[in-house]
Amino acid sequence: MQLTTRRAILKQGLMAAAATSTSAGIPDSLWGDPLVTLPGIQLYTVDRELKSDVEGTLKRVRAIGYQEVETAGFGGLSAKAFRAALENAGLKCNSSHFFNFGSADPGPLFAEANTLGVHYTVTSAIGRFTDKPAGQVTGADDYKAMAEFCNELGRKAKRANLQLAYHNHNTEFKDLGHGKCGYDIFIENTDADLVKLELDCGWMVAAGHRPVEYFYRYPNRYQMVHIKDFVKPAKPTTSLDPQSVPQGTVLGTGYIDYIPILKAAKAVGVEHFYVEQEPPFIGMKALEAATKDFAYIHGLSV
């Protein structure tokens, strides 16, 4: 006699329901284990809404289903007040982006991170440590200097009981010759313990590179990912010029196949998965887009 598992009973019931119902199809997540068990959101997605109404926006984010967030600013509040708003909304925050790490003393920013209660402090350091704007950081020496800067910043973060992480855009993938791009040079010249990585999968794909390859090329470096989609561009781009970047779109409506990417991310030990949609939002409000993004991620299963 074969044992009947709870999953088998559930599947049989759902199949029967599907056969007799004219309602919408049953989500894939009910047939298998979810690919991402705890989808989070980078709050830059709803930045405009936060600046208008922090408390209300955070509660709406929680109502969508997100339990974890990553910050990129505090909506005009102090770190202490923003943490209280997060707690009131029932949201956890393990990571925060900071944009002023080019200053000589990162102590005040680290103090804000500790007040917020995060573990990861994240930078996209291009242009933060030099007077060159992002689009003009083009040589191997620039990326070696950036790596040195981030190694030292990572040491200071450790002393503050924090972990530094680096978030990429698309510009780091410009070909510098000899089969190398700036991102490779940066990774190879940073200490794996001092500088962890947050892979923005959408920007990497937009630049013509493959997240799965990077996960396995640099194991144990990636702790977080950003999950975003774009309307397929005519060709890959490593420019942040507004005329060159692709249009952001709701997950699953663009051209990026996230199933193999997220499987590889889990295999190499990525801890946090953050949805992020790039503005402008076409035909919908940001919170509506965030709702659709959550539904897409929540519906992926293995």
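Start by selecting I41 in this predicted model; I41 stands opposite V69 in β2.

Next, show the rest of the barrel. Eight strands close into it, and the order to follow is β1-β2-β3-β4-β5-β8-β9-β12, with parallel pairing. From one strand to the next, the twist averages 30 degrees.

From β5 (163-167), step back to the loop that separates this strand from α6 (140-159), and select N161 there. The phi of N161 is near 65 degrees, a positive value in a residue other than glycine. Most residues other than glycine have a negative phi. Is N161 buried or exposed? N161 counts as exposed because its relative accessibility is 66%, and the cut-off for that class is over 50%.

Now move to H178, in the loop between β6 (175-177) and β7 (180-181). Here too phi is positive in a residue other than glycine: H178 has a value near 60 degrees. With 86% relative accessibility, H178 counts as exposed.

Select the loop between β12 (272-275) and α11 (286-299), where P280 lies. Which kind of peptide bond joins P279 and P280? The bond between P279 and P280 is cis, with omega at about 5 degrees. Most peptide bonds are trans. To check the bond in the viewer, display P279 and P280 together and read omega, which is about 5 degrees.

Definitions and conventions. Residues are numbered from 1 along each chain as its sequence is written. This is a predicted model: local features need pLDDT of at least 70, side-chain atom pairs count only at pLDDT 80 or more; totals for chains, interfaces and linings use all residues. Side-chain values use heavy atoms; hydrogens and water are left out. Helices (H or I, at least four residues) and strands (E, at least two) are DSSP runs, numbered from the N terminus. Buried means under 20% relative accessible area, exposed over 50%, partly exposed in between (1.4 Å probe, protein chains only). Two strands pair if DSSP finds at least two bridges between them. Axes are lines fitted to C-alpha atoms, for helices over the stretch in contact, and angles run from 0 to 180 degrees between N-to-C directions.
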